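Thanks for coming. I will take a few minutes on one model, and you can follow along on the screen.

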Amino acid sequence: MGADSGGVTVTSGSETRDDELAARLRLVVGRLNRRIRIDGSETLPPLQLSTLVTVEQHGPLRLSELARREGVTAPTMSRVLSSLDEQGMVARAADPCDARGVLVSIADTGQACLREIRSHRTALIARRLDRLDAGQRDALVTALPALEALLVPDDD
């Protein structure tokens, strides 16, 4: 933690290094993700793709739960699901616990689409990895467990 010294915040060297590391990591991960999306030229917009992955991982889900998980409003999610439904990517079924509710699950077409996108993105990253020397690739292998640990949700 920083200490206040006469109106000036004093930070330890580790906080400065952590802040710099966080900034560099944010920048490189964001740019790499954007580059993959651009080079991947997928036919699904990001929110549709994210929704499809969420349904795959957690489905079947109600529209309200999908909207909550994706951080969008119910009307926005309704439009996303309509588009995915028109493309045959999702299937809707009556909620057995609530006759008024509908559960959304991933359809075979959606599964195939995700497989294709993942395969293409993996190939894009593999081509980028080919640019690295053995030491850089080893550094990435060593860093993977730490990067994967960053994916664990906060305990808020």
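I will go from the overall layout to helix packing, then to one loop, the salt bridges and a surface patch.

This is a predicted model, in which local features need pLDDT of at least 70, side-chain atom pairs count only at pLDDT 80 or more, and totals for chains, interfaces and linings use all residues. Residues are numbered from 1 along each chain as its sequence is written, and side-chain values use heavy atoms, with hydrogens and water left out.

The layout, then. The protein has six helices and five strands, in the order β-β-α-α-β-α-α-β-β-α-α along the sequence. Helices here are DSSP runs of H or I with at least four residues, strands are E runs of at least two, and both are numbered from the N terminus. Of the 156 residues, 21% count as buried; buried means under 20% relative accessible area, exposed over 50%, and partly exposed in between, with a 1.4 Å probe and protein chains only. Taking contact as heavy atoms within 4.5 Å, residues 24 or more positions apart account for 48% of the contacts with a separation of 6 or more.

Now helix packing. Helix α2, residues 46-58, packs against helix α4, residues 74-86, at an angle of about 80° with the axes 10 Å apart. The two are therefore roughly perpendicular. The α2 side of this contact is L47, Q48, T51 and L52, and the α4 side is T76, M77, V80, L81, S83 and L84. Axes are lines fitted to C-alpha atoms, for helices over the stretch in contact, and angles run from 0 to 180 degrees between N-to-C directions. Under 35 degrees counts as roughly parallel, over 145 as roughly antiparallel, 65 to 115 as roughly perpendicular, and the rest as oblique.

Also in α2 is T54, which is buried because its relative accessible area is 9%. Beyond neighbours within four places in sequence, T54 contacts G59, L61, L66, R69 and E70.

Which peptide bond is cis, with omega near -5°? The one from G59 to P60. Most peptide bonds are trans. P60 sits in the loop between α2 and β3 (61-62). V102, in strand β5 (residues 98-106), is 42 residues from P60 in sequence and 9.3 Å from P60 in space, C-alpha to C-alpha. Leaving out residues up to four places away, V102 touches L61, R62, L63, R92, A93 and D95.

On to charges. There are nine salt bridges in the whole structure, each a side-chain nitrogen of Lys or Arg within 4 Å of a carboxyl oxygen of Asp or Glu. One of them pairs R62 with D98, closest N and O atoms 3.3 Å apart. That pair links strand β3 to strand β5 across 36 residues. Another pairs R128 with D39 at 3.2 Å, joining helix α5 (residues 108-129) to helix α1 (residues 13-40) across 89 residues. E65 and R69 meet at 2.8 Å, N to O; both lie in helix α3 (residues 63-70), four residues apart, about one turn. Salt bridges that share partners also join R62, D95, D98 and R100 into one network.

Last, the surface. I125, L129 and L140 make a nonpolar patch of about 210 Å². L140 belongs to helix α6 (residues 134-149) and counts as partly exposed because its relative accessible area is 38%. Patches are made of residues with over 30% relative accessible area and no salt bridge, with like charges joined within 9 Å and nonpolar side chains (Val, Leu, Ile, Met, Phe, Trp, Tyr) within 5 Å. Accessible areas come from the Shrake-Rupley method with a 1.4 Å probe, and for residues only the protein chains shown count as cover.
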